[in-house]
Amino acid sequence: MTKYRTRTQAIHAGERIDPATKASAPNITMSNSFVMDEVTGFSIDAFGDTKPYVYSRWDNPTVRMLEDKLAVLENADACACFASGMAATAAILHTTLKQGDHVVAIDVHYSGTAELIRILKDSAGIEITLVDPTDLGMIEAAIQPGRTKLLSFETPSNPLLSITDIRSVSELAHQAGAQLVVDSTLATPIATQPLELGADFVVHSLSKYLGGHGDALGGAVLCSHKNMKAIRDHERVHIGGVLSPFNAWLIARGIATSPLRMQAHTESAMRIAKFLESHPRVTRVLFPGLESNPGHEIAKKQMQGCWGGLLSFSVKDGKDLARQMPNQVEIIHYAVSLGSHRSLIFWMETDEMLRSSFVLPSSLEEQYRATTGDGIFRFAVGLEDPDDLCEELSRCLDL
Ligand SMILES: *Cc1c(COP(=O)(O)O)cnc(C)c1O
């Protein structure tokens, strides 16, 4: 499949015609166990690398179809899928870290990741240094050669859309003998392939743009065969947060149209970002496609003009608007998440974010407040007609 271009790969990679039925669409193998031809051992260790299907917590044909599709799109040796993006992130942290290790993590991670990293600090004796993802000097100074095992990044970040220069950060990590994980959920492999830029692990929430329809939850880890062994043999088999074959099938179907959807999300979000930027009530718009965005130049190099549909914005009297918003919107759903064909908007109040998700050292807290003011609206631009979305937003902003 590597000889084909992205749109072709998104449709065909991982899929094969079922020899028994000749069905053109992939089957869903909704079976938790598989009939064996001979007497075998009972543990994963009893099987070599070419093990047959035994039990779906170990491996399942529909989940593997999705893994093969993702591995081709990310140009990765190996992929393992999980029940959610958080299960995928947890699998990487569990297998790469032990007590006493040090992690450098960005200060504006997805809230679930930020909270998990903080829990590890208290419960597993992992030391954490939080850094501004755009400040290479700060990142370099935070790395402790020999002790820092992992750099945990996310680009663009959710919800502030901070952009990290993946190649530069991977060089800093490798000079110090550390590995780099990049959460590429917002970019998707359609925009960015972090492994090509030097990352050691890519993590995706498949619940967002890749699944693309706001229905199935899922997650994926992509990395080398060497790094994958512990993730497959331990995190999947013993921790057990595996993906359902039904969700794998839905997500694979979503991926088939992801190149076209990402293009449409990008065009609509760009339109809406410009509309917001020119609106008198709007004080700031965060979107990597805007030239005003501090990460725009790096994003241009790294995202091939495919910005996706997530943007965040602040307005005058944001709290007041937030209170009115849930009853004012009609086609835009007031809900969390992103990456769906439906537009979703959600208010994220600064004080609350700094209490629950981000507990930051004072200089980083100041920077966060300077960016978000009293709060931001995170707007996941869907695939409705952008004129309808602008009209609905405009009606809200004029309240
Ligand atoms: C949603 C999200 C996650 C978590 O994924 P789930 O599938 O909800 O567990 C992780 N990272 C980013 C950037 C996300 O947007």
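So, salt bridges: a search of the whole structure turns up 15, counting a side-chain nitrogen of Lys or Arg within 4 Å of a carboxyl oxygen of Asp or Glu. Keep in mind this is a predicted model, where local features need pLDDT of at least 70 and side-chain atom pairs count only at pLDDT 80 or more, while totals for chains, interfaces and linings use all residues. Residues are numbered from 1 along each chain as its sequence is written, and side-chain values use heavy atoms, with hydrogens and water left out.

Among those bridges, Glu 127 pairs with Arg 147, with the closest N and O atoms 2.6 Å apart. Another joins Lys 98 to Asp 101, at 3.5 Å between the closest N and O atoms. Which partner there is buried and which exposed? Lys 98 is exposed, at 54% relative accessibility, and Asp 101 is buried, at 4% (buried is under 20% relative accessible area, exposed over 50%, partly exposed in between, with a 1.4 Å probe and protein chains only).

Okay, over to the ligand. There are 13 residues around it, and Gly 85, Asp 183, Ser 205, Ser 207 and Lys 208 come nearest; a residue is near if one of its heavy atoms lies within 4 Å. That shell splits into 3 nonpolar, 7 polar and 3 charged.

What touches the ligand's oxygens? A side-chain N or O atom of Lys 208 lies 2.7 Å from one oxygen atom of the ligand, and a backbone N or O atom of Gly 85 is 2.8 Å from an oxygen atom of the ligand. Asn 158 puts a polar side-chain atom 3.0 Å from a ligand oxygen atom.

Definitions and conventions
A polar contact is a pair of N or O atoms within 3.5 Å; within protein, one must be able to donate a hydrogen and the other to accept it, and residues adjacent in sequence count only if both atoms are side-chain atoms. Ala, Val, Leu, Ile, Met, Phe, Trp, Tyr, Cys and Pro count as nonpolar, Asp, Glu, Lys and Arg as charged, and the others, Gly among them, as polar.
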